[in-house]
Amino acid sequence: MGKIDEFALIARFFRSCAPPEPSILGIGDDAALLPCASALRGNRDDASATLALTTDTLVAGSHFLPDFAPQDLGWKALAVNLSDLAAMGAEPTAFLLALTLPRYDPEWLEGFARGVQACAQRYGVALIGGDTTRGPLAITITALGVVPWQAAIRRSTAQVGDDLWVSGQPGRAALGLSVRTGRLSGDLPGCSEWIAALERPQPRIALGLALRGIATAMLDISDGLTQDAHHLVETRPELTLCVEEAALPLAPLVAQGAPAEKAWAALLGGGDDYELLFTANPRHRTAVAEAARRAGVSVHRIGSVVPRFIPEASPLVLLRRDGTRTTLPPQGWDPFRVAEPLDLDIQPESFS
Ligand code: ADP
Ligand code: MG
């Protein structure tokens, strides 16, 4: 296969299948939005019942290590989908499970089902269908949620002057992967927390819901903070995200024993965190803090949305502690760009 990234691939081959109706939100966000009336091809004005739909696949060897415990895999396969609903401010309701299994292994299936069930129970969603086939291990889940059309928080609607926020502690999952693959010592104080972040991600459903009417734009960090941050402005050539080095939550990772350079790379480019990255007007700072408190999640104000006067200028810049600015290239995971999980030993020049 020639070189192409995931987004170019979708744009080239699948955009033409996208819905023409403006009342449907199709390709390009964390979940599609389908007013129930649109699904019935009837009256599209009923904004009260909009379905949020999303699907994500986990493939053995690509998304998880071969020794990943089946319980954790079950949890994670559902959690990563629920995270996309959280990123829309949607309330999850149900999911479909498509399983491709290399063989019938009841012990594995029992563990996997336990993990799926634990996550389903925790977030109050029901399994309503799916598919089971034989082949190399892969799990596809399609999750459904509901959100009033006007309340859905999209990726593309940030405003100049907004604050940029991130929930929780991005970087932990990538550090957990480094521990799991022997590239970081298993004796560091943060190890168990990092591994839990990798294996049992907690979709930020409550925070997503609490941010309705507060966040102007939002997505979840599945592929890496900087890479996903680019998606907030990719359809907005007039906007740049300015991330402040001093505001990034690096110190907690270092305090947990992560070498500073690895912590930095994990924070900015590590995938699999499933934290929420969002923008909100500065007058809502108290409201954001209150939403986070109610959801039981920490939030960090890491930058702001500034005007981009030349479209070619960088969509993402880092304001260093010394006041200088540098471009932040998209760092993270792309299925067609990298064959290996993020290697935290590789330091891009701009991070040095
Ligand atoms: P996320 O990381 O939030 O799961 P992705 O990066 O996987 O989102 O996908 C970005 C957008 O592209 C989403 O809106 C998704 O629905 C859409 N997409 C991905 N693959 C395809 C495909 N094969 N056909 C149509 N749309 C796709
Ligand atoms: Mg997403």
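Okay, a polar contact here is a pair of N or O atoms within 3.5 Å; within protein, one must be able to donate a hydrogen and the other to accept it, and residues adjacent in sequence count only if both atoms are side-chain atoms. With that in hand, look at D84: a polar side-chain atom there sits 2.9 Å from an oxygen atom of ligand 1. D30 has a side-chain N or O atom 2.9 Å from a ligand 1 oxygen too, and for D56 the distance is 3.3 Å.

Quick housekeeping: this is a predicted model, where local features need pLDDT of at least 70, side-chain atom pairs count only at pLDDT 80 or more, and totals for chains, interfaces and linings use all residues. Residues are numbered from 1 along each chain as written, chains are lettered from A and ligands numbered from 1 in written order, and side-chain values use heavy atoms, leaving out hydrogens and water.

Now the metal. The magnesium ion, ligand 2, is coordinated by D30, D84 and D220 through OD atoms at 1.9 to 2.0 Å; donors are N, O and S atoms within 2.8 Å of the metal (3.2 Å for Na, K and Ca), and with water not among the atoms, sites may look incomplete. D30 is in the loop between α1 and β1 (32–35), while D84 is in helix α3 (residues 70–86), 54 residues apart. Helices (H or I, at least four residues) and strands (E, at least two) are DSSP runs, numbered from the N terminus.

So are D30 and D84 buried or exposed? D30 is buried, at 4% relative accessible area, and D84 is buried at 8%. Buried means under 20%, exposed over 50%, partly exposed in between (1.4 Å probe, protein chains only).
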